[in-house]
Amino acid sequence: MPHAPILDVITIGRSSVDLYGAQIGGRLEDMASFSKAAGGCPTNIAIGTARLGLKSGLITRVGDEHMGRFLREQLTREGVDVTGVHTDPDRLTALVILGVKDQGTFPLIFYRDNCADSALDTSDIDESYVASAAAVLVTGTHFARHDTSEAQMLAIRHARQHGRKVVFDVDYRPNLWGLAGHGAGEERYIKSGGVTALLAPVLPLCDVVVGTEEELMIAGGADNALGAIRAIRAVSDALIVCKRGPMGCVVFDGAIPARIEDGITGPGFPVEVLNVLGAGDAFMSGFLRGYLRDEPLTRCCAFANAAGAFAVSRLLCSVEYPTFTELSHFLEKGVRNPVLRREPDLNHIHWATTRDALTPAHARPATIMAFAIDHRMQLEAMADEVGAPRDRIKALKVLALEATVQVADGRPGFGMLLDGTHGQDALFRATDQRLWIGRPVERPGSRPLDFEGDGSLATFLNDWPVGHTIKCLCFTRPDDPAELTERQDRELLRLYDAARRGNRELLIEIIAGKHGALGNDTVAATIRRLYGLGIKPDWWKLEGQPSRAAWDAIAAAIAANDPFCRGIMLLGLDAPLDDLKAQFADAAACPAVKGFAVGRTIFAEPARAWLAGQMGDADVRATMAARFADLVAAWQAVRPS
């Protein structure tokens, strides 16, 4: 008896770094900037199925360099098993450069000359690993070379010997078969008896064969789709799935009818097409989500067509594929806006259910204990008061980083708020410290809210590492003058848009008590107002509240408007240590509070002494570390991990 599979599917073949031109409607020659993503048909499907809740794995090769490490790390973040991802010490990771010129023109260049994944051979195929999955998926491109073809055929034999399913994605790229030049990457069909002959032995071994009409024509060796499907049926009992773009798909599970339309049909979805590249891989991911969960074929088709609709309506490939939460929402609600990338509810679900795949684990902890030293105005005033040059603040922030690292001691859940004005050296050094990092964008003390940077907000943020969370402090409350509220809300909307377009997490800090008394609904009402504008930050940072009722109202406002919110961080406002500990105890009773970000309570006194020359580096570092550790202990006492 074969052992029960651990994985649902293992995909085999291409793995590349896709570089997508960011300027829609331009020639590839004219692209000025690119977005990076994991790509390659089987890699896309491994990620797509993982996002839809399947346990997937990948067999491929990557280079022993930065792009190879990126692919391995990205796959891991997506939940793909990387046991079969092998590092090739002699070859580079494959690259693909792509663009969108118009709705029907998608230029792409494959950089695959002696690349790592093209060197896949039988040594990469482990029988026990293949047997650990319910299905193995092979791809047409990797039958174009002898060694990669042998590797896939060995995997097929192992799968069949262990009673596993074999799925074949025809994945026909003529120029990867040597039938077109390097500049013809977007060419989808060139008739070739040689290709058909090489694919013919695969067909009888498959349980599922999936392709577009043109791909089935190359597999079946016929000049029309129906004839090709009949040719495949003549040699294979496989379930045949014909992808038909906006018309959806047709599935054949037995004898082939007189017309394609008489198969089991799955209608498409009326969405605007931005980019068709990678849509077939999203389709396959959706189909497998149903097929490997024993769903009816009509349901498999619905999953497949919906996943494909997401892909064509967005720019990138795997990065844009839906999660099962997102897919289910779409199937329940239907197409409310044919431009899916502009549908706010879907966009938020997509962001909230995929953001963990965009950054390293330390940048997205479930709880955060942060040393906040992003202060600029306060430290400048302090330096001026004691006669110290402001340039000294840079060194102070490096010492604060060292204190934080000392307290964290490699444990997860620690972080810092650091600015780029005086904290750039500390930010550079923090890169390898596995800390959560938040960075301010507001001009210190601005009310109405204003941002740092003299130009575009998006351009300002574009220089930041992707793992840095945007932090924005806004002094706002429900009884502010209407003109002030309107202006600040407009700026927050602008920031929220920039954060989402840049795939960056956003923390909004609200201080309402500086300009009036705090009531039980003061902050909750402010949060409801921002949610009503469509602003859904990943984190809130809030001051201590006057009562448990106030915390309950805040938690209710968040739960009612954004169940995906990561939570609240408590701020300190230079409160005495004992007062802050009491606030910890009150806040910890609210489940939405996930940690703290405190600054002046930790650094104010030692920083002043250090700037005045009354304390050395070692002493100020030790004092800040002791105070931070005291706060960590106080928080952990009221909220054990």
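Before you start, note that the model is predicted, with local features needing pLDDT of at least 70 and side-chain atom pairs counting only at pLDDT 80 or more, while totals for chains, interfaces and linings use all residues. Residues are numbered from 1 along each chain as its sequence is written, and side-chain values use heavy atoms, with hydrogens and water left out.

**Stop 1: helix 8 and helix 9**

Select residues 279-291 for helix 8 and 297-312 for helix 9. Helices here are DSSP runs of H or I with at least four residues, strands are runs of E with at least two, and both are numbered from the N terminus. The two axes come within 7 Å and cross at roughly 150°. Axes are lines fitted to C-alpha atoms, for helices over the stretch in contact, and angles run from 0 to 180 degrees between N-to-C directions. Helix 8 is therefore roughly antiparallel to helix 9 (under 35 degrees counts as roughly parallel, over 145 as roughly antiparallel, 65 to 115 as roughly perpendicular, and the rest as oblique).

Now show the side chains. Ala, Val, Leu, Ile, Met, Phe, Trp, Tyr, Cys and Pro count as nonpolar, Asp, Glu, Lys and Arg as charged, and the others, Gly among them, as polar.

**Stop 2: the second largest pocket**

Next, select R188, T212, V276, A279 and G280, which lie nearest the centre of the second largest pocket. Its lining takes in 44 residues, and its volume is about 1000 Å³. On a 1 Å grid over the protein atoms alone, a pocket is an open set of points with protein on both sides within 12 Å along at least five of seven lines, a cavity is a set where a 1.4 Å probe fits but cannot get out, and lining residues have an atom within 4 Å of a point. Grid points are joined across faces, edges and corners, and a volume is the space filled by probe spheres set on the points. Helix 8 and helix 9 each give two or more residues to this lining, as does strand 2 (16-21). The lining divides into 19 nonpolar, 12 polar and 13 charged residues.

**Stop 3: the cavities**

There are 2 cavities of 30 Å³ or more. For the largest, at about 60 Å³, select lining residues including W351, R355, H468 and E505.

**Stop 4: helix 12 and helix 13**

Select residues 377-386 and 392-408. These helices pack at an angle of about 120°, with their axes 10 Å apart, and are therefore oblique to each other. L379, E380 and A383 of helix 12 meet I393, L396 and K397 of helix 13. That contact has 4 nonpolar, no polar and 2 charged residues.

**Stop 5: two loops**

Finish with the backbone. In the loop between strand 16 (436-440) and helix 15 (457-462), find P448, which a cis peptide bond joins to R447, with omega about 15°. Then go to D171, in the loop between strand 9 (165-169) and helix 5 (193-199). D171 is not a glycine, yet its phi is positive, about 40°.

Methods. Contact means heavy atoms within 4.5 Å.
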